[in-house]
2 protein chains.
Amino acid sequence: MKLNTKSRYAVMALADMARFDGKNPVSLRDISLRQSISLLYLEQIFLRLKKNNIVKSVRGTNGGYIISKNINDLKISDIFYALDEKVKTVGCKKELKRGCNGKSSKCLTHNLWDELDLHINSFFENKKLGDLVKRKESRN
Amino acid sequence: MKLNTKSRYAVMALADMARFDGKNPVSLRDISLRQSISLLYLEQIFLRLKKNNIVKSVRGTNGGYIISKNINDLKISDIFYALDEKVKTVGCKKELKRGCNGKSSKCLTHNLWDELDLHINSFFENKKLGDLVKRKESRN
DNA sequence: GTAATCTTGACTATTTTAGTCGGGTATATA
DNA sequence: TATATACCCGACTAAAATAGTCAAGATTAC
């Protein structure tokens, strides 16, 4: 049970960006160097982030990306959503047909998975990108 | 972000067993039929459960498996542990060498992953196998 | 006009996962 | 004591997911 690297890198990259004022675009090249993430891979990730309006792009020299909204309003779950990180523990819904259709006695565990999903999702719903930066600063 | 089938099947199978008195061994064949899980796969799963003292086996005709302890004391996390289900969201620990060694500014997200792990783990620590059966019964 | 930077789809190697196979061993019961 | 039922266990494999690269652009600052 783990997150995929796309999601993780996305959060890392955005946290990296969040340390700056938000006025000047940050280039992927810089993020790539600071966070040791492949530039080509970052491009793929930011494509998704842009499509989901999490970042805005500025083309050309001195271009880069800017975080669209206030970092204290940007939920971690929004980032995951953009990258298709399904926080789904896979209940019986997916494999229906043969079994669990609600009333079946097969799915004793049905509710467990539902609860877990809820539990994890609420964690990410309540965490904001801003929290990550704040925490770090107050600690150093 | 999802659980693997081994863990899920293990919980399903044990929940299935938990409905019985706990005196008579339950055969994998029966579980296989009731839960629509491949018998061969179940064998593999129960091998691990047995090694981790979650179930005891009874060989021969009319044999099967018995849950070792009281179902109200059996944590879901114990089951996952037996099947190597790592509830690890992969922080920077694994990929150290080049980056985050605690003091590095690279790992703004370090704490996020740690918190998440804690959050998920505590969920499973507090859930007992008995809870699953109770819930279902009270609902029907 | 050229260097820096974003844009995009397609491709690929590697790893993980899910599940099977085959050949055992133990024991209840007829 | 024969036999059917069940556990035991390592090795294997097909399929899917993942991580990451490649190639070929399009914009814009200077």
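**View 1. Fold of chain A in the predicted model.** Read along its sequence, chain A runs α-α-α-β-β-α-α-α, which amounts to six helices and two strands, where helices (H or I, at least four residues) and strands (E, at least two) are DSSP runs numbered from the N terminus. This is a predicted model, in which local features need pLDDT of at least 70 and side-chain atom pairs count only at pLDDT 80 or more, while totals for chains, interfaces and linings use all residues, and side-chain values use heavy atoms, with hydrogens and water left out. Residues are numbered from 1 along each chain as its sequence is written, with chains lettered from A and ligands numbered from 1 in the order in which they are written. Of the 140 residues of chain A, 48% count as buried, buried meaning under 20% relative accessible area (exposed is over 50%, partly exposed in between; 1.4 Å probe, protein chains only). Among contacts in chain A between residues at least 6 apart in sequence, 64% join residues at least 24 apart, a contact being heavy atoms within 4.5 Å.

**View 2. Helix α5 of chain A.** The 17 residues of helix α5 (residues 110-126) of chain A should span 24 Å at 1.5 Å a residue, and the 25 Å between its end C-alpha atoms agrees with this; the expected span is 1.5 Å times one less than the number of residues. Buried residues in α5(A) include A:Trp113, A:Leu116, A:Ile120 and A:Phe124. An α-helix has 3.6 residues a turn, so residues three or four places apart point the same way.

**View 3. Aromatic pairs.** Over all chains the structure holds eight aromatic pairs, defined by ring centres of Phe, Tyr and Trp (its six-membered ring) within 6.5 Å, with planes under 30 degrees apart counted as stacked, over 60 as edge-to-face and the rest as tilted. B:Phe46 and B:Tyr65 form a tilted pair, 4.9 Å centre to centre with 45 degrees between the planes. This pair links distant parts of the chain, with B:Phe46 in helix α3 and B:Tyr65 in strand β2 (residues 64-67) of chain B, 19 residues apart, and both B:Phe46 and B:Tyr65 are buried. B:Phe123 and B:Phe124 pair edge-to-face, at 5.3 Å centre to centre and 75 degrees between the planes. In chain A, ring pairs link A:Phe80, A:Phe123 and A:Phe124 into a cluster.

**View 4. Surroundings of DNA strand C.** DNA strand C is surrounded by 28 residues, the closest being A:Lys50, A:Tyr65, B:Ser38, B:Gln44 and B:Arg59; a residue is near a strand if one of its heavy atoms lies within 4 Å of it. With five residues, α3(A) gives the most to the surface near DNA strand C.

**View 5. Surroundings of DNA strand D.** Of the 27 residues around DNA strand D, those that come nearest are A:Ser38, A:Gln44, A:Arg59, B:Lys50 and B:Ser57. A polar side-chain atom of A:Gln44 lies 2.6 Å from a base oxygen of DNA strand D, and one of B:Lys50 lies 2.5 Å from a phosphate oxygen of DNA strand D. The largest share of the surface near DNA strand D, four residues, comes from α3(B).

Methods: Polar contact = N/O pair within 3.5 Å; in protein donor to acceptor, adjacent residues only side chain to side chain.
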